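Here is a quick tour for anyone meeting this structure for the first time. Have a look at it, and then we'll walk through a few of its features.

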Amino acid sequence: MRGIKLLSMAGAVAACLLVAGAATAGSRSEASPSGAAPSTLIYAGASDPTYLDPALVSDGESFRVTKQIFESLVDFAPGTTRLVPALATSWSVAKNGRTYTFNLRGGVRFHDGTAFNAAAVCANFNRWFNFSGPFQDASATLYYQKIFSGYRRNENATLGKPLYQSCRAVGGLKAVVKLTRKNGPFVPSLVLSAFSMQSPTAMAKYGANQGTIRNGVFAPIGTYAFRNPTGTGPYMLEKWTVGESVILKKNPRYWNKKQPRLARIIIRPISDNTARVQALQTGEVFGIDLLSPPLVATVRGNSRLKVLSRPAFNVAYVTIQSAKPPMNDIRVRRAVAYGLNRQLVVNSFYAGRAQVAHAFMPPSLPGYAKDVVKYSFNPTRARQLLREAGCGPPCKIEFWYPTGISRPYMPDPKANYEAFKASLEQSGFDVQTTSMPWRPDYVKNVNQGTAGHLNLIGWTGDYADADNFIGTFFQGDSPQFQEKNAALDKLLNAAEQEVNQAKRIKMYQQANRLIMQNLPGVPYAHSTPALGFQKRVQGYYTSPIGTDLFKTVFLGGQ
Amino acid sequence: MLRFVVRRLLLLIPILFGVSVLLFFWVRALPGSPAESLLGERATPALVAAYKERFGLNEPIWRQYVTYMETTVADRDLGISVATHRQVTDEIRQRFPATVELALAAMLFSVSLGIPLGFIAAKRYGGPIDHGSLFLSLIGISVPIFVLAILLKYIFAVRLGWLPSVGRIDLLIFDAKHPTNFYVLDAILTRDWSTLWDVLKHLILPAVALGSIPLAIIARITRSAVLDVQNEDYVRTARAKGMSPGIVDRRHVLRNALLPVTTVIGLQTGLLLSGAILTETVFAYPGMGSWLRDAIFNRDYPVLQGGILFLALVFVLVNLVVDVAYAVINPRIRYSG
């Protein structure tokens, strides 16, 4: 019977394919079927970008790509949180604290040939300010709303008075931006890819300002955000195949003639942690982000690979629901702080990639105070405080932790939780456990202030300003942090509106001292996330906020 | 036959309607909503409330369903993904070809090995080969697919370096054309043989991992069918007439034994086309399975509703094809209108 013969032959072919694969196996970069020169970097993130109009996205995977295509007025020095010039060579603020003058870099053009000048800067500021309809949805312009509060015409009662007032082009290379009020985080926040400069010509041509909300979901309509993102950056979009790769090619007219050093960057989505590491081991990718702590040793143990660290720009903390008895007694909160063995957790579950946190912001940020009250593990002191407060011991409390999640600041929540539970019980607490899936139940309860007396959570910073940490947590009413402290609120409001950096730093330092006295929670770790690379990848600087630049990267031997 | 096919096609309408109702209520029975899923740590109660308002999640559920059907029918599409903000139909167009290629490769693997294995096991009934094939079948069914996938990757990709570990194609092939998104077909159409070889290499490990379960099932069904058939009167008669054993096996035993196997192949193909969540995730294979997995985590209602509705349609159509094929293979079967 011919069918059987065919089937048998097919079986033989299938079996032989495995063996035959060996014949053509080899190092991918040297022996790719197309014979491409090793001037291409393949890098793996966790997922696809959402889309490529940076003003309309808020996720790290999108920013990973837009940061290569677009540039902002200011940026961080590679690998630090120090502000340096980018498209603006310098900037100054007037005495009124509300008028900023940006002197722009000359000779810069967008990828489509449009000149970058003050008019383009104003066009971008005005675009954000004039967003209307679907573009005022938080899912579209989250970061604009966070920094600039509102639009020219707010269409939603939850929006605030806009921070932005006007922009004026003075000559070709000077842009004067006026704000409606003083705002300290304004310039640091311009580092965000969301505030990148985009070509006004390309945006008009490819429908960047067309969008819709359908069944509650915002989506751009034009092709700009998918096929025609146009910035001044070192790389330009060549091709995006969803689920497979984003291919960026060198911008031949980039203003810095020494950069970029590679002809192409390919960013591919690999959601599974182990699969990312295996792709690095096989040479299918040259670098990976989000290397989980348990896999660090695997990469380190491979002679062809290396591990890089991202500077700590996060905080893991235990929220204390301080409106809920017995946590409304400061003595019980202090007992919690003394009862959490933070050093043990950091030593045991972070693979040597974390330090104990003593404040709700990383030490690298201006405004960090070294002289806050510190709470070393002290079960005796904790029991004494509980007795003074009249709560046991044992003092009964409910402690929550999330399941099904690993965060850079909390790689294994259950392990952290179990160690903390043991140390709290040693310190006179009777701990009741509640666990819940991270998405959506756990996060919802934490944010609503309904997640027990204590819960595990954390934060990764978006931009290099104390406002993005302690301002976000404690300014105004937050259901998550129920501690009402008028002095702290006043201090944080004043710090937000102060433009003198020295004064701001002092205000945030004072705020940190107040926070650690009042204990709305207990910070316990600043982790340094890991990245894996092949050793021949050189010139890679890890950004604290996760938006690494590829323009300095080259491959060894070039 | 034609009347049968037309009637089955018309039955699609109530089936898909029923599936859409079930899906709609099922995805909303999942705890939480897209708002908390997508906003994560930044999901302040105010943002969540505003999001739910815009998403219509505060409406009664029956009204949400009516709105969903109205927009789906009026706009003739399946909505926009909450997570990727892309049209669900565009994503299906992009991802379904990948799943089809993987499913067909897995079926090719399992059929081409499963039928000969089952046949030989039956012919050597009670012997070491029979016991060996049963043991292998048992392993194929009981080893979790992700364990097998990780094991295969570790051996053939990481240790030996013979085969790629992720994706559909080497990303350094910049000049490959994908007019249909079926990469194997595209490579053949464009006569790009080096790309064809590369795409096939990318299919081997996921296809073997995914095909392990159908392989075990097909081998066992083939074995038991051959055992049944070879004791039938017409087989004994053929042997008594002096026909050579090979001819008896091919013409009488295997041909009749393959009828139930055909049904299993059809059903398994339908299942494989529904997406292979674990396999696609482990191999970072951009098909329907990994897409739906992300949608579940994100509570991406439009993707879950649209994607699964589409797969239900595929499953029903594949079953229809199986029924028709059954009649073609076995002339004794006649479908009445």
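Between domain 2 of chain A and domain 3 of chain A, about 1100 Å² of area is buried, and carbon and sulfur atoms give 63% of that. On the domain 2 side, A:Lys146, A:Lys182 and A:Pro185 lose the most area to domain 3 of chain A, and together they make up 35% of what that side buries. Why quote an area at all? The size of an interface is often given as the accessible area lost when the parts come together.

Keep in mind that this is a predicted model. As for the layout, chain A is split into domain 1 (9–46 + 238–310 + 530–555), domain 2 (59–212) and domain 3 (314–527). The C-alpha centres of domain 2 and domain 3 of chain A sit 33 Å apart.

So who touches whom? In chain A, 14 residues of domain 2 are in contact with 13 residues of domain 3. On the side of domain 2 of chain A that touches domain 3, α4 (142–148) and α5 (186–189) of chain A each supply at least two residues. The most comes from α4(A), with three residues. Sorted by class, that side of domain 2 of chain A has seven nonpolar, five polar and two charged residues.

Salt bridges do turn up elsewhere: a search of the whole structure finds 19 of them over all chains. One of them pairs A:Asp289 with A:Arg310, whose closest N and O atoms are 3.1 Å apart. A:Asp289 lies in strand β13 (residues 287–291) of chain A and A:Arg310 in the loop between β14 (305–309) and β15 of chain A, so this pair ties together parts that are 21 residues apart in sequence.

The peptide bond from A:Pro325 to A:Pro326 is cis, with omega near 5 degrees, and A:Pro326 is in the loop between β15 (314–320) and α10 (330–339) of chain A. Another cis peptide bond joins A:Pro393 and A:Pro394, with omega about 5 degrees; A:Pro394 lies in the loop between α12 (379–389) and β17 (395–403) of chain A. A:Ala351 is not a glycine, yet it has a positive phi of about 50 degrees. Look for A:Ala351 in the loop between α11 (342–349) and β16 (354–355) of chain A.

How far can you trust all this? The model scores ipTM 0.77 and pTM 0.82. Here are the confidence values by chain:

| Chain | Average pLDDT | Residues scoring at least 70 |
|---|---|---|
| Chain A | pLDDT 88 | 92% of residues |
| Chain B | pLDDT 83 | 90% of residues |

Over residues 1–8 of chain A, pLDDT stays under 50, and the model has eight contacts for them beyond four places in sequence. Residues 12–37 of chain A are also below 50, with 39 contacts in the model beyond near neighbours in sequence. In chain B, confidence is lowest in helix α2 (residues 34–39), at a mean of 60, and highest in helix α8 (residues 183–189), at 93. Where pLDDT is low, the predicted coordinates should not be read in detail.

Methods:
Residues numbered from 1 in each chain as written. Chains lettered and ligands numbered in written order. Predicted model: local features only at pLDDT ≥ 70, side-chain atom pairs only at ≥ 80, totals over all residues. Heavy atoms only, no water. Domains from an automatic or database assignment. Contact = heavy atoms within 4.5 Å. Buried area = accessible area lost by both parts, 1.4 Å probe. Helix = DSSP H or I, 4+ residues; strand = E, 2+ residues; numbered from the N terminus. Nonpolar A, V, L, I, M, F, W, Y, C, P; charged D, E, K, R; others polar. pLDDT = per-residue confidence, 0-100. Salt bridge = Lys/Arg side-chain N within 4 Å of Asp/Glu carboxyl O.
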